[in-house]
Amino acid sequence: MATVSLAKAMWRGFCGKCPNCGEGHMFGRFLKVADACDHCGEELFHQRADDFPAYLVMVVVGHLVVPAILAVETAYAPPVWLQLAAWLPVTLFASLALLQPTKGAIVGLQWQIGMHGFEASKLRREAGELAPVLVKAHRAA
């Protein structure tokens, strides 16, 4: 079994895939990380991304949008209402577009280096063992 590099685990997370197999889905909802991979069974509920993805998104979007705003203001001096009408939606959509991929990358980072509850998973991977397969019981309606 080949080990997954840090860059690969983070890229898989960025793409919303399981950092272990790259096949299963990491997210059950927009920002809700699935308890386990639906393909390989790797446990993902240990993640503790908390507010770190949001802070990273604010830094990235801020460093892209603010210089653009200043460049447009310096070159064209459009009215304030036009600046607000243009830049507020750009900032909102850029932030929403980057939030889930950034959270996925942070979960991939935590998984690969064995942070929080991922220590056992890291030790298991280093020993060459497969992820345990979780069996979900179906409830009767």
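**Entry 1: Trp11 and Phe14**

I began with two residues in helix H1, which covers residues 6-14: Trp11 and Phe14 sit three residues apart there, so about one helical turn separates them. The model I am reading is a predicted one. I looked up how their rings lie, and found that Trp11 and Phe14 form a stacked aromatic pair, with 5.5 Å from centre to centre and 15° between the planes. I count this as stacked because planes under 30 degrees apart fall in that class.

Next I asked myself: is Trp11 buried or exposed? Trp11 counts as exposed, at 55% relative accessibility. For Phe14 I noted a relative accessible area of 33%, which makes Phe14 partly exposed.

**Entry 2: What else Phe14 meets**

I stayed with Phe14 and left aside its neighbours within four places in sequence. Which residues is Phe14 then in contact with? I wrote down Pro101, Thr102, Gly104 and Ala105.

**Entry 3: Stepping back to the whole chain**

I then wanted the overall plan. How many helices and strands does the protein have? I found four helices and zero strands, and from the N terminus on the elements run α-α-α-α.

For the overall dimensions I looked at the box that the C-alpha atoms fill, roughly 60 × 40 × 20 Å along the principal axes. The radius of gyration is 20 Å, while a compact globule of 141 residues would have one near 14 Å. I also noted that buried residues make up 34% of the 141 residues.

The accessible surface comes to about 9,100 Å², and carbon and sulfur atoms account for 67% of that. Looking at contacts between residues at least 6 apart in sequence, I saw that 55% of them join residues at least 24 apart.

**Entry 4: Gln83 in helix H3**

Back to single residues. Gln83 lies in helix H3, which spans residues 80-113. Its relative accessible area is 11%, so Gln83 is buried, the limit for that class being under 20%. What does Gln83 touch, not counting residues up to four places away in sequence? My list reads Ile69, Val72, Glu73, Pro78 and Leu88.

**Entry 5: Two loop residues with positive phi**

I looked up backbone angles next. Asp50 is a residue other than glycine, and its phi is positive, near 50°. I placed Asp50 in the loop between H1 and helix H2 (52-76), where Asp50 is exposed with a relative accessible area of 63%.

His116 is not a glycine either, and its phi is also positive, about 55°. This residue lies in the loop between H3 and helix H4 (119-126). At 38% relative accessibility, His116 counts as partly exposed.

**Entry 6: Salt bridges**

Side chains of opposite charge can pair when their charged atoms come close. How many salt bridges does a search of the whole structure find? The search gives two.

One joins the side chains of Glu42 and Arg124, at 3.0 Å from N to O. This pair links distant parts of the chain, with Glu42 in the loop between H1 and H2 and Arg124 in helix H4, 82 residues apart. I checked their accessibility too: Glu42 is buried, and so is Arg124.

Lys122 and Glu126 form a salt bridge as well, and their closest N and O atoms are 3.4 Å apart. Why are Lys122 and Glu126 separated by about one helical turn? They are four residues apart in helix H4, which accounts for that spacing. Lys122 is partly exposed, with a relative accessible area of 22%, and Glu126 counts as exposed at 55%.

**Entry 7: A charge over a ring**

Where does the charged end of Arg125 sit? I found it over the ring of Trp111, 3.6 Å from the ring's centre.

Definitions and conventions:
Residues numbered from 1 in each chain as written. Predicted model: local features only at pLDDT ≥ 70, side-chain atom pairs only at ≥ 80, totals over all residues. Heavy atoms only, no water. Phe/Tyr/Trp six-rings, centres within 6.5 Å; stacked < 30°, edge-to-face > 60°. Buried < 20%, exposed > 50% of the residue type's maximum accessible area, 1.4 Å probe, protein only. Lys NZ or Arg CZ within 6 Å of the ring centre and 35° of its normal. Contact = heavy atoms within 4.5 Å. Rg over C-alpha atoms; globule rule 2.2 N^0.38 Å. Areas by Shrake-Rupley, 256 points an atom, 1.4 Å probe, with all protein chains shown as cover. Salt bridge = Lys/Arg side-chain N within 4 Å of Asp/Glu carboxyl O.
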